[in-house]
Amino acid sequence: MSQIVDDSAPEAEPDAGAGPEPATGTGPEPADAADQRRLGARLHALRDDRRWSLTELAEASGVSRAMINRVERGVSSPTATILGRLSGAFGLTVSQLLDGSHETHAHDDQEPGSPDDATGVQRAATADHWTDPETGYRRRPLASADFPVDVTEVRLPAGAAVTYPAAAYAFVRHCIWVVDGELQLVVGGEPVVLAAGDRIELGDPAEVTYRNDGETACRYVVVVARVARGRE
(Lines give C-alpha, C1' and ligand atoms only; values in the text may rest on other atoms or scores of the structure.)
Protein backbone atom coordinates (compact mmCIF):
# COMPACT_ATOMS: atom_id res chain seq x y z
CA MET A 1 0.00 0.00 0.00
CA SER A 2 1.34 3.45 -0.84
CA GLN A 3 2.32 5.68 2.06
CA ILE A 4 1.79 9.35 2.77
CA VAL A 5 4.94 11.28 1.92
CA ASP A 6 6.40 12.87 5.05
CA ASP A 7 8.79 15.76 4.39
CA SER A 8 9.46 16.72 8.01
CA ALA A 9 12.79 16.03 9.67
CA PRO A 10 13.08 12.53 11.19
CA GLU A 11 12.70 12.20 14.93
CA ALA A 12 13.77 9.53 17.35
CA GLU A 13 10.80 7.26 18.05
CA PRO A 14 9.86 6.14 21.56
CA ASP A 15 8.84 2.58 22.36
CA ALA A 16 5.86 1.46 20.29
CA GLY A 17 3.73 1.15 23.43
CA ALA A 18 4.47 4.65 24.66
CA GLY A 19 1.50 6.99 24.90
CA PRO A 20 1.26 10.71 24.11
CA GLU A 21 3.74 13.07 25.66
CA PRO A 22 2.47 14.81 28.80
CA ALA A 23 1.84 18.54 28.74
CA THR A 24 4.71 20.61 30.12
CA GLY A 25 5.03 24.10 31.51
CA THR A 26 3.09 25.99 34.14
CA GLY A 27 0.80 28.10 31.94
CA PRO A 28 -2.53 27.04 30.39
CA GLU A 29 -2.23 24.77 27.36
CA PRO A 30 -3.29 26.38 24.03
CA ALA A 31 -6.60 25.00 22.73
CA ASP A 32 -5.04 23.68 19.49
CA ALA A 33 -2.28 21.92 21.42
CA ALA A 34 -4.81 20.38 23.81
CA ASP A 35 -6.93 19.11 20.90
CA GLN A 36 -3.82 17.69 19.24
CA ARG A 37 -2.82 15.91 22.45
CA ARG A 38 -6.32 14.47 22.96
CA LEU A 39 -6.43 13.19 19.39
CA GLY A 40 -3.06 11.53 19.93
CA ALA A 41 -4.34 9.84 23.08
CA ARG A 42 -7.46 8.68 21.22
CA LEU A 43 -5.42 7.19 18.38
CA HIS A 44 -3.05 5.45 20.80
CA ALA A 45 -5.99 4.00 22.77
CA LEU A 46 -7.62 2.64 19.60
CA ARG A 47 -4.38 1.02 18.52
CA ASP A 48 -3.80 -0.38 22.01
CA ASP A 49 -7.34 -1.84 22.15
CA ARG A 50 -6.61 -3.75 18.96
CA ARG A 51 -3.11 -4.69 20.12
CA TRP A 52 -1.68 -3.29 16.90
CA SER A 53 1.92 -2.20 16.61
CA LEU A 54 2.83 1.02 14.84
CA THR A 55 3.90 -1.09 11.88
CA GLU A 56 0.55 -2.92 11.73
CA LEU A 57 -1.43 0.33 11.77
CA ALA A 58 0.91 1.80 9.14
CA GLU A 59 0.29 -1.20 6.88
CA ALA A 60 -3.49 -1.07 7.43
CA SER A 61 -3.79 2.68 6.84
CA GLY A 62 -1.04 3.57 4.37
CA VAL A 63 0.21 6.26 6.80
CA SER A 64 3.88 6.15 7.67
CA ARG A 65 5.00 4.79 11.04
CA ALA A 66 6.80 8.05 11.78
CA MET A 67 3.69 10.14 11.16
CA ILE A 68 1.48 7.90 13.32
CA ASN A 69 4.10 8.12 16.06
CA ARG A 70 4.14 11.93 15.96
CA VAL A 71 0.33 12.18 15.94
CA GLU A 72 0.06 9.83 18.94
CA ARG A 73 2.64 11.88 20.82
CA GLY A 74 0.67 15.06 20.12
CA VAL A 75 3.54 16.77 18.33
CA SER A 76 2.03 16.72 14.81
CA SER A 77 -1.46 17.54 13.56
CA PRO A 78 -2.70 15.12 10.87
CA THR A 79 -4.14 16.33 7.59
CA ALA A 80 -7.69 15.45 6.54
CA THR A 81 -6.35 12.78 4.18
CA ILE A 82 -4.34 11.15 6.96
CA LEU A 83 -7.40 11.21 9.25
CA GLY A 84 -9.40 9.48 6.53
CA ARG A 85 -6.79 6.76 6.18
CA LEU A 86 -6.54 6.20 9.94
CA SER A 87 -10.30 6.15 10.50
CA GLY A 88 -10.73 3.70 7.61
CA ALA A 89 -8.13 1.37 9.12
CA PHE A 90 -10.10 1.25 12.37
CA GLY A 91 -13.49 0.89 10.65
CA LEU A 92 -14.62 4.25 12.05
CA THR A 93 -15.94 7.41 10.48
CA VAL A 94 -13.72 10.50 10.65
CA SER A 95 -16.26 12.03 13.03
CA GLN A 96 -16.05 9.03 15.34
CA LEU A 97 -12.28 9.32 15.42
CA LEU A 98 -12.37 13.06 16.13
CA ASP A 99 -15.38 13.07 18.48
CA GLY A 100 -13.85 10.38 20.63
CA SER A 101 -10.97 12.71 21.42
CA HIS A 102 -13.42 15.31 22.75
CA GLU A 103 -15.54 13.06 24.98
CA THR A 104 -13.86 14.10 28.21
CA HIS A 105 -14.43 17.83 27.73
CA ALA A 106 -17.64 18.04 25.73
CA HIS A 107 -19.21 20.47 28.20
CA ASP A 108 -16.14 22.07 29.77
CA ASP A 109 -17.20 25.53 28.61
CA GLN A 110 -20.72 25.28 30.03
CA GLU A 111 -21.62 26.38 33.53
CA PRO A 112 -22.44 23.50 35.92
CA GLY A 113 -26.20 23.06 36.09
CA SER A 114 -26.72 25.10 32.90
CA PRO A 115 -30.18 24.76 31.30
CA ASP A 116 -28.35 23.60 28.19
CA ASP A 117 -27.35 20.43 30.05
CA ALA A 118 -31.00 19.51 30.49
CA THR A 119 -32.19 20.52 27.03
CA GLY A 120 -29.29 19.14 25.02
CA VAL A 121 -28.60 22.50 23.39
CA GLN A 122 -25.09 22.96 21.96
CA ARG A 123 -24.15 26.63 21.64
CA ALA A 124 -22.14 27.74 18.62
CA ALA A 125 -19.57 29.43 20.86
CA THR A 126 -18.69 26.14 22.59
CA ALA A 127 -18.99 23.78 19.61
CA ASP A 128 -15.95 21.67 18.80
CA HIS A 129 -14.35 21.93 15.38
CA TRP A 130 -11.29 20.60 13.58
CA THR A 131 -9.25 22.37 10.90
CA ASP A 132 -6.89 20.68 8.45
CA PRO A 133 -3.49 22.35 8.99
CA GLU A 134 -2.61 21.88 5.32
CA THR A 135 -5.70 23.21 3.48
CA GLY A 136 -7.79 25.10 6.04
CA TYR A 137 -10.65 22.61 5.48
CA ARG A 138 -12.81 22.85 8.61
CA ARG A 139 -15.20 20.28 10.11
CA ARG A 140 -17.79 21.15 12.77
CA PRO A 141 -20.00 18.38 14.20
CA LEU A 142 -23.72 19.19 14.21
CA ALA A 143 -24.63 16.06 16.19
CA SER A 144 -23.11 14.44 19.27
CA ALA A 145 -21.13 11.20 19.24
CA ASP A 146 -24.20 9.48 20.76
CA PHE A 147 -26.49 10.46 17.87
CA PRO A 148 -27.22 7.50 15.51
CA VAL A 149 -25.83 9.32 12.45
CA ASP A 150 -22.91 11.71 11.93
CA VAL A 151 -23.98 15.20 10.84
CA THR A 152 -21.06 17.49 10.02
CA GLU A 153 -20.76 20.98 8.56
CA VAL A 154 -17.69 21.42 6.37
CA ARG A 155 -16.12 24.66 5.11
CA LEU A 156 -13.75 24.15 2.17
CA PRO A 157 -11.69 27.26 1.33
CA ALA A 158 -11.33 28.53 -2.23
CA GLY A 159 -8.64 26.62 -4.11
CA ALA A 160 -8.48 23.78 -1.55
CA ALA A 161 -8.85 20.05 -2.19
CA VAL A 162 -9.07 17.08 0.19
CA THR A 163 -8.99 13.40 -0.75
CA TYR A 164 -10.36 10.53 1.33
CA PRO A 165 -9.50 6.91 0.48
CA ALA A 166 -12.13 4.28 -0.26
CA ALA A 167 -11.47 2.72 3.16
CA ALA A 168 -12.99 5.79 4.82
CA TYR A 169 -16.36 4.89 3.23
CA ALA A 170 -16.32 1.11 3.77
CA PHE A 171 -18.60 1.14 6.82
CA VAL A 172 -20.99 4.00 6.05
CA ARG A 173 -23.79 5.41 3.90
CA HIS A 174 -22.90 8.93 2.85
CA CYS A 175 -24.98 11.94 1.77
CA ILE A 176 -23.59 15.40 0.91
CA TRP A 177 -25.70 18.58 0.68
CA VAL A 178 -24.14 21.83 -0.54
CA VAL A 179 -25.26 24.94 1.37
CA ASP A 180 -23.10 27.72 -0.14
CA GLY A 181 -20.75 27.89 -3.11
CA GLU A 182 -19.89 25.14 -5.57
CA LEU A 183 -18.31 21.77 -4.79
CA GLN A 184 -16.38 19.67 -7.29
CA LEU A 185 -16.35 15.97 -6.41
CA VAL A 186 -14.32 13.21 -8.01
CA VAL A 187 -15.83 9.89 -6.95
CA GLY A 188 -13.86 6.85 -8.04
CA GLY A 189 -12.39 8.89 -10.89
CA GLU A 190 -15.77 10.27 -12.02
CA PRO A 191 -16.17 14.08 -11.67
CA VAL A 192 -19.42 15.75 -10.62
CA VAL A 193 -20.20 19.40 -9.79
CA LEU A 194 -22.67 20.36 -7.05
CA ALA A 195 -24.13 23.87 -6.67
CA ALA A 196 -25.87 25.33 -3.62
CA GLY A 197 -28.94 23.22 -2.82
CA ASP A 198 -27.68 20.14 -4.67
CA ARG A 199 -27.07 16.86 -2.90
CA ILE A 200 -25.55 13.48 -3.67
CA GLU A 201 -25.65 10.05 -2.03
CA LEU A 202 -22.43 8.12 -2.46
CA GLY A 203 -22.61 4.47 -3.49
CA ASP A 204 -20.01 1.73 -3.15
CA PRO A 205 -16.77 2.67 -1.34
CA ALA A 206 -14.45 4.64 -3.63
CA GLU A 207 -11.76 7.28 -3.29
CA VAL A 208 -13.40 10.71 -3.12
CA THR A 209 -11.78 14.11 -3.72
CA TYR A 210 -13.57 17.24 -2.50
CA ARG A 211 -12.37 20.31 -4.43
CA ASN A 212 -13.30 23.96 -4.47
CA ASP A 213 -12.18 25.64 -7.70
CA GLY A 214 -14.22 28.77 -6.99
CA GLU A 215 -13.15 32.11 -5.58
CA THR A 216 -15.17 31.86 -2.37
CA ALA A 217 -15.45 29.23 0.34
CA CYS A 218 -17.81 26.31 -0.18
CA ARG A 219 -19.94 25.13 2.74
CA TYR A 220 -21.67 21.77 2.78
CA VAL A 221 -23.25 19.31 5.21
CA VAL A 222 -22.23 15.65 5.36
CA VAL A 223 -24.62 13.04 6.78
CA VAL A 224 -23.12 9.63 7.50
CA ALA A 225 -25.11 6.57 8.61
CA ARG A 226 -22.86 3.98 10.20
CA VAL A 227 -23.27 0.46 8.85
CA ALA A 228 -23.68 -2.21 11.55
CA ARG A 229 -20.51 -4.14 10.86
CA GLY A 230 -17.00 -3.90 12.18
CA ARG A 231 -13.40 -4.69 11.40
CA GLU A 232 -11.46 -7.57 12.90
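Biologist: Among contacts in the protein chain between residues at least 6 apart in sequence, what percentage join residues at least 24 apart?

Modeller: A contact means heavy atoms within 4.5 Å. Here 68% of those contacts link residues at least 24 apart. Keep in mind that this is a predicted model, where local features need pLDDT of at least 70, side-chain atom pairs count only at pLDDT 80 or more, and totals for chains, interfaces and linings use all residues. Residues are numbered from 1 along each chain as its sequence is written, and side-chain values use heavy atoms, with hydrogens and water left out.

Biologist: How many helices and strands are there in the protein chain?

Modeller: Both are DSSP runs numbered from the N terminus: helices (H or I) need at least four residues, strands (E) at least two. This chain has six helices and 10 strands.

Biologist: In what order do the six strands of the open sheet come?

Modeller: Two strands pair if DSSP finds at least two bridges between them. The order is E1-E2-E3-E10-E5-E8, with antiparallel pairing. E1 (130-131) and E8 (199-202) are at the edges with a single partner strand each, so one side of each has no neighbour in the sheet. Further in, eight bridges join E3 (residues 149-156) to E10 (residues 218-226); one of the pairs is Thr152 with Val222 in E10.

Biologist: Is Ser87 buried or exposed?

Modeller: Buried means under 20% relative accessible area, exposed over 50%, and partly exposed in between (1.4 Å probe, protein chains only). Ser87 sits in helix H4 (residues 80-90) and is buried, at 0%. Leaving out residues up to four places away in sequence, Ser87 touches Leu92, Thr93, Val94 and Leu97.
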